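Please open the model in your viewer and keep the selection tool at hand.

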Amino acid sequence: MKSPPSLSFVQVNDVLDSWMILQTMPNYADKFGVLLLRNFFDMYPDAVSLFSFRDPKATIDPEEFFQSRRFLLHTKLMMRAFCGAIDMLGPDLEILRETISGIGRTHKKYGLTKQHYSFMELALIDTLQELLGDRFTQNQKMAWEKCWKLISYTMQHGNC
């Protein structure tokens, strides 16, 4: 197994700087979470079947699905974990790795694969670009990509 990704001090600052810009937006967590999952499902529609908030027997209009109470609740829970992970970024990533490792074990039970994590990285970058626009720099983009690699690696492989 290859060694887990790490983040430099500059990369952590780039992630945190862009995250602080997002936090100035009204209802940023709700907007970010909904848009992130919309982007993910647009790229990988089959992944909807893996989510516990989806009724597998129901054929539902996508707009109705994205406005459903279960989807919005899942988005809030996801954003609570995501915001918590961003808050744990710093010189010592051990607490972040321990927390993310536990979340990864839960997601593994649902059948998430490496491909799902790759699509989520693309959705994450698209979401940041859409919400931040020209305030999202190339350095920040690269830092977020590296941050997601750390998160996804730890979720898939545990705390190494």
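Begin by selecting Lys2, Pro5, Lys114, Tyr117, Ser118, Glu121, Trp148, Lys149, Ser152, Tyr153, Gln156 and His157, which line the second largest pocket. A pocket here is found on a 1 Å grid over the protein atoms alone, as an open set of points where a 1.4 Å probe fits, with protein on both sides within 12 Å along at least five of seven lines, and lining residues have an atom within 4 Å of a point. The volume of this second largest pocket is about 270 Å³, where a volume is the space filled by probe spheres set on the points, which are joined across faces, edges and corners.

Before going on, note that this is a predicted model, in which local features need pLDDT of at least 70 and side-chain atom pairs count only at pLDDT 80 or more, while totals for chains, interfaces and linings use all residues. Residues are numbered from 1 along each chain as its sequence is written, and side-chain values use heavy atoms, with hydrogens and water left out.

Now colour the lining by class: it has 4 nonpolar, 4 polar and 4 charged residues, with Ala, Val, Leu, Ile, Met, Phe, Trp, Tyr, Cys and Pro counted as nonpolar, Asp, Glu, Lys and Arg as charged, and the others, Gly among them, as polar. H6 and H7 each supply at least two residues of this lining, and H7 gives the largest share, 6 residues; helices are DSSP runs (H or I, at least four residues), numbered from the N terminus.

Select H6 and H7 together next. Their axes lie 10 Å apart and the helices pack at an angle of about 150°, with axes fitted as lines to C-alpha atoms over the stretch in contact and angles running from 0 to 180 degrees between N-to-C directions. H6 and H7 are therefore roughly antiparallel to each other, a term for angles over 145 degrees. Among the residues that meet across this pair are Met120 and Leu124 in H6 and Trp144 and Trp148 in H7, where contact means heavy atoms within 4.5 Å.

For the last stop, which residues are closest to the centre of the largest pocket? Of the 27 residues that line this pocket, they are His74, Met78, Ile103, His107 and Met155, and the space inside is about 700 Å³. Its lining divides into 21 nonpolar, 5 polar and 1 charged residues, and H4 gives the most, with 8 residues.

Technical notes. Angles under 35 degrees count as roughly parallel, over 145 as roughly antiparallel, 65 to 115 as roughly perpendicular and the rest as oblique.
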